[in-house]
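Here is a short tour to read with the structure open beside you.

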Amino acid sequence: MAIRDSERAGNSERAGMMTANEAADQLGVKLGTLYAYVSRGWLKSYRRKVGRQALYRRADIEALRGVVSTERGRRGRSLPAASTWVTVAQPKSIDDGAPGVIVAESAVSSINEGKLAYRGYPIEEIVAHASFEEVCLLLWSGDRPVAEEIAALRAEIHGAQMPPSVAEALAAVGDDAPPLLRLAALMPSLAAWDRRQPPRTRIDRAKLIISQLPLALAQPPAPGMPGGPGMAGRLLGWVPGSTASDWEVEALNRVLNACAEHELNASTFAARVVASTGADLFASVLSALCSLSGPIHGGACDRIEAMFAELESGARVDECLAVFTRDHRLPPGFGHAIYPDGDPRAALLRQVAQSIAKRRGRRLFETAFRVEGAVSKRERLRPNLDFYLTVCVRMLGFPRAMPAAIFAIGRASGWIAHALEQYSDNRLIRPRMRYRGAPLRHWE
């Protein structure tokens, strides 16, 4: 009886699944090649409940076979090189972590076992020791920049002035427009202006974009407050009462560095897709900015600010969180599929927020800490970058809606890095989809 139960369990487990030999036969490859697909993330294997042999989803093999099989009498490639960016559709992963497949190779950043690194440098070291200008140049070239390069970029950002035609275009958008919208509106007008200028290298165009982004923010610098050198100093010129002191510049540099790059998120993928068509950096950055207008990718900071506004108006933390539970929503700024054990960037920015609190007051920081504790107890979730990014930016004195804009300006360095990498070995990004519609039929 036990044997028959085991056989039934095995048959149930095998439904829709294939052994390694069966999968290799279907793909027309050797077992070693099949295992290579798994190790590179192009195919997922599953453990059997009984026995040690791995199994493979039949649907995954069928999707992959469309890439590796013979087509029109010619043998297909074993699997496209990562630079071709052909994706293989897969069902949503049943395991912890983000669903999806690896679709490319990149040297810009890595996320391995919950550890983030830029060009091989751990994020902890980047945030602690680098300026934002150093991070830009590192991401764009792959190597740590020399002092002269850093100083030149810092001076370009500090001395940047908006071309009159670009200023006119932004004036039409209006100072009351959200900062993210103004950043997006900057790109086409800046591209139009640049067309009439002497040709630039892509790196020079990258520097132009980075230096112009802070100028697009709606609020002008306070009178007599030009800000300090570099991006952090320039942005602090928009904060009433700020003197762009060393501690403020250091804190904002750390925030920008934590935002600068994060592998292949939605906005970065948009930037690479557009770059793969041969479009210029203005178009790539614009596409990334547009993706942030969607609430799923770029709206967390605004929702976090709204939550803090409710708490400041007298709402209790447990009451506020109960609304999210009732509506089957996660509290904004908590949880990250790639970091089940906690977002390392949030931990770093919590330290930054704590240091700001020593100079600007602890009220917002203590509120954030209470929210973090309550969410951990109720939902067993940890904060992500957006949560402590919002806390830091507001504690530094920036007005509402600015955390999302600060994020975008920081992340623009990564978008540009990915576009430059795409240009260097480009092939058009043209993913495939798995069709799940009506079967073939005829129009009669």
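How many disulfides does the count come to? The count comes to 0 disulfides. Do keep in mind that this is a predicted model. The notes below start with the cysteines, then move to a helix and a loop.

**Cysteines**
- A disulfide is a covalent bond between the sulfur atoms of two cysteines.
- For Cys-392, the closest cysteine sulfur belongs to Cys-259, and the separation is 9.3 Å.

**Helix 6**
- Helix 6 spans residues 132-141 and is mostly covered, with 9 of its 10 residues buried.
- Cys-136 is one of those buried residues, and the others are Phe-132, Glu-133, Glu-134, Val-135, Leu-137, Leu-138, Leu-139 and Trp-140.
- Gly-142 follows helix 6 and has a positive phi, near 95°.

**Asp-343 and its loop**
- If you move on to Asp-343, you will find this residue in the loop between helix 17 (317-326) and helix 18 (344-360).
- Is Asp-343 buried or exposed? Asp-343 counts as buried because its relative accessibility is 5%, and the cut-off for buried is under 20%.
- Leaving aside residues up to four places away in sequence, Asp-343 touches His-336, Pro-383, Asn-384 and Leu-385.

Definitions and conventions. Residues numbered from 1 in each chain as written. Predicted model: local features only at pLDDT ≥ 70, side-chain atom pairs only at ≥ 80, totals over all residues. Heavy atoms only, no water. Helix = DSSP H or I, 4+ residues; strand = E, 2+ residues; numbered from the N terminus. Buried < 20%, exposed > 50% of the residue type's maximum accessible area, 1.4 Å probe, protein only. Contact = heavy atoms within 4.5 Å. Disulfide = S-S within 2.5 Å.
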